[in-house]
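Have the model open beside you as you read.

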Amino acid sequence: MAECMRTTLNPPKTPLHSNKISAPKLSFSSSFSSFGTKPNSSNSNNYPRISLSVMSNKNQNQNQNQNHHHHQQYLSLDAVISSNRKAELLGDIKGSLSNRLSETNLHLTVPGLKSKTRGKVRDIYDGGDYLVLVTTDRQSAFDRILASIPFKGQVLNETSLWWFDQTRHITPNAVISSPDKNVTIAKKCSVIPVEFVVRGFVTGSTDTSLWTVYNKGIRNYCGNALPDGLVKNQKLPANILTPTTKAEDHDVPVTPDEIVKLGLMTEAEFDEASRKALRLFEYGQRVASEHGLILVDTKYEFGKSSDDSILLIDEVHTPDSSRYWIAHSYEERFQSGLEPENVDKEFLRLWFKDHCNPYEDEVLPDAPEELICELAWRYIFLYEAITKSRFDVSSTKVRLNSGANT
C-alpha cells in the first residue's frame, strides 16, 4: 500500500528556511484545473502552471460541472464489469495503451525544478519551498512496479484532490494547486517516516496484511490485541491502526511505543496523527457507504510544515492506497466463504501471486492487456462512484510534451 514519499520528497526533519514562495517563471502552456480544491495559500498564483498534456478544452468545463448519472444505491460487480459506461470508455482505455505516462523528466526542461526523485508511482520535483508531484500511470504492489495502467495517474490525482478538499474539516493538507490533471503542487514538508495504516477488516494478501499475519497465529499486531476466532474478510470489532515504517523499501510493522522510542515521532505528534487517521478513515467509510461501497483499509501519510503543524500529504482514499468492496454483496459472500467483490487493485495482486512469486522472482510476467484494461476501468468507476463526477478522458490525447514520456 505504501508510496515511498517519506524518503523521496525530502529527507525527514529537513528544516524550511522561509515561508515565502518564489516559484520560477515557467514557460508552459497553462491547463489549470483546480478540481474544486481551494488553494492553501494566497500566493498560489506564484506556483508554476505545468501541463503534461495538450488538453482538449472542448466540454472540459461542462464535464467538470456535470454530475455523473446517479448510481443505484446498491452497486453490484456485474454493473462494474458490464456497464454501459465501461463500454463507453473501453475504446479510450485501449487507445491509451500505447500512450501511458510511465516516466517524466520535467527537471530537464523546466527552469527552477532542482531535481527529480522517482517514487513507485510519483515523480517528485524539488522547486525550492514547494514540490511538484506528478502522478504517473505506474502500478505498484509487492514493493515493486508491476505495470502501467491507462489513466491511472489522472484518476489517482483527481481522486486525492477530491478527498483532500472533502477532509479539510478533519486536518489541513499540503495541497496548493493542481495545474494539470496528473500534477499537484504541494508545500514542502518534513515527511514523518511512518505510514498510518487503518484497518476495518481482517483481510489482505501481502506479507504485512492483517489476515496474513493473523493466519500465522499473531494475536498482538502493532500494539493491537486481536481476539481468537476471526476469519478472513471479517469485520473487526473496531477500526485499528497498524503503523509501518520503511526498511530497504519494505514496510515494517511497528508499535506506537517503538515509534516514540526510535525517535520517529514524539508521543504528542503520534497521538495527533493517530486521531486524524482514525477520523479520516471513519469519514471515508461513511462516504463510501453512502455510495454502495465499503472502505476496508487504507494508509495515510503526514508531514510537518515550517510552523511544525501536521499536514496530510501524499494521497487519500485512492484505489492505490485503499481497499474497496461492494457493500451490497459483502455479507452474503462472507457467510458463504467467498471473497468480497472488490473494485481496487487486489485482483491484480492475486493474478501475480498466482503466476509468480512477486517478492522474489527477478523478472515478472507481463500482466495481460485485458487485466490492465479492466483495472483502468475499475479505477475510473471508483472515482465516478465516489465523487459523482464524470471522468474526463479528453486530456490524454497528447501526453508527450513538457518533458513527459512513456
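Is arginine 168 buried, partly exposed or exposed? In this predicted model, arginine 168 counts as partly exposed, because its relative accessibility is 27%. Its side chain meets that of aspartate 165 in a salt bridge.

The structure holds 26 salt bridges. Three of them are set out here.

| Pair | N to O distance |
|---|---|
| Lysine 120 and aspartate 143 | 3.1 Å |
| Arginine 168 and aspartate 165 | 3.3 Å |
| Glutamate 374 and arginine 378 | 2.8 Å |

Take lysine 120 and aspartate 143, which meet in a salt bridge. Lysine 120 lies in the loop between strand 2 and strand 3, and aspartate 143 in the loop between strand 5 and strand 6, so the pair ties together parts that are 23 residues apart in sequence. Lysine 120 counts as buried at 10% relative accessibility, whereas aspartate 143 is partly exposed at 24%.

Glutamate 374 and arginine 378 both lie in helix 11, four residues apart, or about one turn of the helix. Both of these residues are buried. There is also a network of salt bridges, which links Glu103, Lys116, Arg118, Asp123 and Arg138.

Helix 11 (residues 369-387) also has a partner: its axis and that of helix 5 (residues 152-166) come within 10 Å and cross at roughly 20°. That angle makes helix 5 roughly parallel to helix 11, and the crossing is left-handed. Among the residues making the contact are Trp162 and Trp163 of helix 5 and Tyr379 and Tyr383 of helix 11. By class, this contact has eight nonpolar, two polar and two charged residues.

Notes:
Residues are numbered from 1 along each chain as its sequence is written. This is a predicted model: local features need pLDDT of at least 70, side-chain atom pairs count only at pLDDT 80 or more; totals for chains, interfaces and linings use all residues. Side-chain values use heavy atoms; hydrogens and water are left out. Axes are lines fitted to C-alpha atoms, for helices over the stretch in contact, and angles run from 0 to 180 degrees between N-to-C directions. Helices (H or I, at least four residues) and strands (E, at least two) are DSSP runs, numbered from the N terminus. Angles under 35 degrees count as roughly parallel, over 145 as roughly antiparallel, 65 to 115 as roughly perpendicular and the rest as oblique. A crossing is left-handed if the near helix is turned anticlockwise from the far one by less than a right angle, and right-handed if clockwise. Contact means heavy atoms within 4.5 Å. Ala, Val, Leu, Ile, Met, Phe, Trp, Tyr, Cys and Pro count as nonpolar, Asp, Glu, Lys and Arg as charged, and the others, Gly among them, as polar. A salt bridge is a side-chain nitrogen of Lys or Arg within 4 Å of a carboxyl oxygen of Asp or Glu. Buried means under 20% relative accessible area, exposed over 50%, partly exposed in between (1.4 Å probe, protein chains only).
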